[in-house]
Amino acid sequence: MSPTKPKRQLLPPMWQLPEEFRHRLGSTAGRQRAMLADGHLLLVLHVVPGADDTTRTGRFFWREDSGTWHSSDSGAGPAALHKHLDQYAAALDASEQRETEALHADQYLQLLERLSPLLRASRNMLQVLEEARKEVPQDRDLIECRDRAYEISRTAELLYGDAKNAMDVAVVRRAEQQAEASDRMARASHRLNVLLAMFFPIATLAAMFSTVFTEGWRLSDSPVPFVMFVGVGLVSGLLLTLFITRPGGPEIGWKRPR
């Protein structure tokens, strides 16, 4: 029988906090949440997620009953929590810069893939800090962090909405450009068909009678056959052209919807 693997320790082993916190944590950080026990507060937050991250990395903040703050990897004191929020703000600033420089739909799509996990993480972080503020209403640093988390969440929401709207506009503009290009091609093809219809009877008659300028008749004898030949061909071509371009025929080209 293989030995049982020891449970992974997520919290720093030197932290002297209530054992209830360690029991409530699994092998991974799980969702963002706030825990309260014996006057101690533990915040389970997530590091700024990346666009391709399939798992979330946890970051833990412990507030003792005396009001002293500790962080698992960001230092001590309330500044550690502010540093955590600074990383989210910096990620949103970088995304806002990319949104300003984006021009095409694929660029906006990449931006949305980056913003989507940021938006979810910032919303959940705001809920955790709001819950923590209710549990410890006298902590002014926690109130300030809650207010900053609201600003971050709101910025992420607005930036996501702007990027999505810009992508929709880019897609519509691209579709309109393709439709206009297709319209130009259809009109050019239609003009070519009209020209072919105009001269198709003459070419057909010439092929049927094997007629060229030097054989089949002599213009010095009489020009009447040649004139009749050309006249019949042109009249036939005109009738065929009128048939193709009749008002009841199919419309050519793309029209902008009103």
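Colleague: Leaving aside its neighbours within four places in sequence, which residues is L81 in contact with?

Modeller: L81 is in contact with L43, L45, F61, W69, L129, L142 and C145, where contact means heavy atoms within 4.5 Å. Please keep in mind that this is a predicted model, in which local features need pLDDT of at least 70, side-chain atom pairs count only at pLDDT 80 or more, and totals for chains, interfaces and linings use all residues. Residues are numbered from 1 along each chain as its sequence is written, and side-chain values use heavy atoms, with hydrogens and water left out.

Colleague: OK, and which residues have the most contacts inside the largest nonpolar core?

Modeller: Those are L41, L43, L81, L129 and L142, in a core of 37 residues. A nonpolar core is a set of buried Ala, Val, Leu, Ile, Met, Phe, Trp, Tyr and Cys residues joined through side-chain atoms within 4.5 Å, and buried means under 20% relative accessible area, exposed over 50%, and partly exposed in between, with a 1.4 Å probe and protein chains only.

Colleague: Which elements give two or more residues to this core?

Modeller: They are strand 2 (40-46), helix 2, helix 3 (105-135) and helix 4 (140-209), and helix 3 gives the most, with 12 residues. Helices (H or I, at least four residues) and strands (E, at least two) are DSSP runs, numbered from the N terminus.

Colleague: How many residues does helix 2 have, and how far does it reach?

Modeller: Helix 2 covers residues 78-101, which is 24 residues, and it reaches 35 Å from its first C-alpha to its last, close to the 34 Å expected at 1.5 Å a residue; the expected span is 1.5 Å times one less than the number of residues. Its buried residues include L81, L85, Y88 and L92.

Colleague: Switching to M167, is that residue buried or exposed?

Modeller: M167, which is found in helix 4, counts as buried because its relative accessibility is 17%. Not counting residues up to four places away in sequence, M167 touches A105, Y108, L109 and L112. The C-alpha atoms of M167 and L109 are separated by 7.0 Å, although these residues are 58 apart along the chain.

Colleague: And what about L238, where does that one lie?

Modeller: L238 lies in helix 5 (residues 224-244) and is partly exposed, with a relative accessible area of 44%.

Colleague: Last one: how many helices and strands are in the protein chain?

Modeller: The protein chain has 5 helices and 4 strands, and from the N terminus on, its elements run α-β-β-β-β-α-α-α-α.
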